[in-house]
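Please keep the sequence and the model in view while reading.

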Amino acid sequence: MNPMERVRRALRFEETDRIPLDLGSTCTSIHKTAHANLKRYLGMGDGEHTIISKVMQTVDPDVRLLKRFDIDIRHAALKDADPWMRIGENLYRDEWGTVYR
């Protein structure tokens, strides 16, 4: 069963060969330090990563990790994954205009 079929069947409450796996969405992401440590442990080096939440310090996981662990779901965003705009030293404004330090 391929990932798309697995997810679609699960969403229709139909039997699948296994539970669909997710890593990298808003609720199932991985902290930047854990991501770097896991990549290093698996011999993938550190490399670059894209922060998807400045507050939680979570990243969009490396596609090699997603393939290595047979993850079914991929993170997709219609706009920039980082809606926060830097407006000063340690000062950010989110997409609704709220300012954070």
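**Strands, hairpins and a surface patch**

I87 counts as partly exposed because its relative accessibility is 32%, where buried means under 20% relative accessible area, exposed over 50% and partly exposed in between (1.4 Å probe, protein chains only). The model is predicted: local features need pLDDT of at least 70, side-chain atom pairs count only at pLDDT 80 or more, and totals for chains, interfaces and linings use all residues. Residues are numbered from 1 along each chain as its sequence is written, and side-chain values use heavy atoms, with hydrogens and water left out.

- I87 lies in strand β4, residues 85-88; helices (H or I, at least four residues) and strands (E, at least two) are DSSP runs numbered from the N terminus.
- Strand β4 runs antiparallel to strand β5 (residues 91-93), and three bridges join them; two strands pair if DSSP finds at least two bridges between them.
- R86 has Y92 in β5 as its bridge partner.
- Two residues separate β4 from β5 in this hairpin, and N90 in the turn has a positive phi of about 55°.

**The nonpolar patch**

- M85, I87 and V99 make a nonpolar surface patch of about 240 Å².
- Patches are made of residues with over 30% relative accessible area and no salt bridge, with like charges joined within 9 Å and nonpolar side chains (Val, Leu, Ile, Met, Phe, Trp, Tyr) within 5 Å.
- Accessible areas come from the Shrake-Rupley method with a 1.4 Å probe, and for residues only the protein chains shown count as cover.
- A salt bridge is a side-chain nitrogen of Lys or Arg within 4 Å of a carboxyl oxygen of Asp or Glu.

**The three-stranded sheet**

- An open sheet has three strands in the order β1-β3-β2, with antiparallel pairing.
- β1 (30-31) and β2 (50-53) are at the edges with a single partner strand each, so one side of each has no neighbour in the sheet.
- Three bridges link β2 and β3 (residues 58-60) in the antiparallel sense.
- Within β3, V59 is the bridge partner of I51, and T58 is that of S53.
- The hairpin of β2 and β3 has four residues between the strands, and Q57 in the turn has a positive phi of about 60°.

**The surroundings of S29**

- S29 sits in the loop between α1 (3-11) and β1.
- Residues touched by S29 include L23, I52 and V59, not counting residues up to four places away in sequence; contact means heavy atoms within 4.5 Å.
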